[in-house]
Amino acid sequence: MRPAGFGNFLLLASSLLFAGLSAVPQSFSPSLRSGPGAACRLSRAESERRCRAPGQPPGGALCHGRGRCDCGICICHVSEPGVYFGPLCECHEWMCETYDGSTCAGTCHCGRCKCDNSDGNGLVYGKFCECDDRECIDDETEEICGGHGKCYCGNCYCQAGWHGDKCEFQCDITPWESKRRCTSPDGRVCSNRGICVCGECSCHDVDPTGDWGDIHGDTCECDERDCKAVYDRYSDDFCSGHGQCNCGRCDCKVGWYGKKCEHPRSCPLSAEESIKKCQGSSALPCSGRGKCECGECTCYPPGGSRVYGKTCECDDRRCEDLDGVVCGGHGTCSCGRCVCGRGWFGKLCQHPRKCNLTEEQSRSLCESADGVLCSGKGSCHCGKCICSAEEWYISGEFCDCDDRDCDKHDGLICTGNGICSCGNCECWDGWNGNACEIWLGTEYP
């Protein structure tokens, strides 16, 4: 008569045998040896082939170099603090590849990262479980990217009209207006070098110091890399060391020329003599409106006719208002000054000498919001303020603006390439920058 637990013992033994056989390669047969200690029925080449990982050439590592091959079966080594296991010793429980100096963000299983997605949403993924889209979930709405964008590896990419780390902010301007503000002079959005966020360009390039990047400008129109003979972002060798980089264009020093100021120019004059000849009666060479080369001025913009003179002293752009009207349509421009026709006066011939308004009507049009006539800095004529000539910097409809607030470059307000409009530079065609110091037109000659 059999003991009572004998049936259970047989069941357990058969289960263990089945589990053991299932852990070895499918090609394994218990009859590879005729008996304990007997010779292997496989050739050496066939035995090694079975112990080699798929795709490994003959002579490659057996059992992944973590065990020995015994008649086509890998016997894995035991190594502290863990063990190698698997049919070909391919698994190493305690070692996973590292990412950014850290071992996998999930759990290490057979040398691979198994991401923690216990809630079944699949938001944690990646070879090292480095991507966690839970970072994109808005705390208030509990939606990914607030329902206004898509998440990729923990970062939100917002739909047009939305911005913020989790697309939680809506632009106060239309997508059309946002695109218009981001469009560069050549018609490309952020010059194809950045992304437009609510009417402002975020340029792709960031300088290693975290400071001003090589790509910059309101519409990412400036690329300083164009000023380097061989681009190395850690080097300051702009314009071959013979010029200044101005929005990706080299402004060469006296005696040098070329796209990157790489060619020397012969000149019988010394640098001081050349500059002095270009200054004339102005404080700046070429009146700050051109380039001085060997004592001769080339006025900006190249090929234009509104800036001229031996030292670029004449600038007919000064006769234009913000709408481009010359001398208010009531006069002619001569070397940057308006010569008004009969019955008109003013810097831009904007004031009529005769007035059909009563004194009371005129004054009412000259009073600012606080009731002060022309902000106390000018006189009223026919409903328009004439700002005090003694304070040259006072301007504006009610003499309420200070042109000294406009940015300067080379000592000139708006670099002489634009009009100061109530503290902001309105640049003429071809110029850009806070002080209109950046030329965006054709290359300098």
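## Overview of the chain

The chain exposes about 27700 Å² of surface, and carbon and sulfur atoms supply 50% of that area. The structure is a predicted model. Of the 445 residues in the chain, 31% count as buried. The secondary structure comprises 5 helices and 41 strands. Among contacts between residues at least 6 apart in sequence, 27% join residues that are at least 24 apart.

## Confidence of the prediction

The mean pLDDT of the chain is 77, and 82% of the residues reach 70 or more. Among the elements of the chain, strand β29 (residues 337-340) has the highest mean pLDDT, at 92. The lowest mean value, 38, belongs to helix α1 (residues 6-22).

Over residues 1-30, pLDDT stays under 50. For this stretch the model has 7 contacts beyond four places in sequence.

## Spans listed in the record

UniProt, in an unreviewed entry, lists residues 136-167, 236-261, 319-349 and 406-436 under "domain: Epidermal growth factor-like". Two of these spans may be described from the model. Residues 319-349 are 0% helix and 32% strand, and the C-alpha atoms at the ends of the span are 9 Å apart. Residues 406-436 are 0% helix and 45% strand, with end C-alpha atoms lying 10 Å apart.

## Helix α3 and its cover

Helix α3 spans residues 175-182, and its buried residues are Glu-177, Ser-178 and Cys-182. Seen down the axis of α3, these buried residues fall within an arc of 135 degrees, so they line one face of the helix.

The face of α3 turned away from the buried side carries the exposed residues Trp-176 and Lys-179. Strands β16 and β17 are among the elements that cover the buried residues of α3.

Strands β16 (residues 194-197) and β17 (residues 200-203), which contribute to the cover of α3, pair in the antiparallel sense over 4 bridges. Val-197 has Glu-200 in β17 as its bridge partner. The hairpin of β16 and β17 has 2 residues between the strands, and Cys-198 in this hairpin takes a positive phi near 55 degrees.

Another hairpin is formed by β32 and β33, with 2 residues between these strands. Strand β33 covers residues 384-387 and runs antiparallel to β32, to which 4 bridges join it. In the turn, Cys-382 has a positive phi of about 55 degrees.

## Cysteines with positive phi in loops

Most residues other than glycine have a negative phi.

Cys-312 is not a glycine, yet its phi is positive, at about 55 degrees. Cys-312 is found in the loop between β26 (307-308) and β27 (314-315). Its relative accessible area is 0%, which is under the 20% limit, so Cys-312 is buried. Cys-374, also not a glycine, has a positive phi of about 50 degrees. The loop that holds Cys-374 lies between α5 (359-366) and β32 (378-381). Cys-374 counts as buried because its relative accessibility is 0%.

## Buried residues in strands

Ile-73 is located in strand β2 (residues 73-76). Ile-73 counts as buried because its relative accessibility is 14%, and the limit for a buried residue is under 20%. Ile-73 and Cys-51 are 22 residues apart in sequence, while their C-alpha atoms are 6.2 Å apart in space.

Asp-223 is located in strand β19 (residues 222-223). With a relative accessible area of 6%, Asp-223 is buried. Leaving aside neighbours within four places in sequence, Asp-223 is in contact with Arg-193, Asp-214, Ile-215, Cys-247 and Gly-248.

Technical notes:
Residues are numbered from 1 along each chain as its sequence is written. This is a predicted model: local features need pLDDT of at least 70, side-chain atom pairs count only at pLDDT 80 or more; totals for chains, interfaces and linings use all residues. Side-chain values use heavy atoms; hydrogens and water are left out. Two strands pair if DSSP finds at least two bridges between them. Buried means under 20% relative accessible area, exposed over 50%, partly exposed in between (1.4 Å probe, protein chains only). pLDDT is the predictor's confidence in each residue, from 0 to 100. Contact means heavy atoms within 4.5 Å. UniProt positions are given in the numbering used here, feature names are shortened, and annotations may be inferred rather than shown by experiment. The arc is that of the directions from the helix axis to the C-beta atoms. Accessible areas come from the Shrake-Rupley method with a 1.4 Å probe; for residues, only the protein chains shown count as cover.
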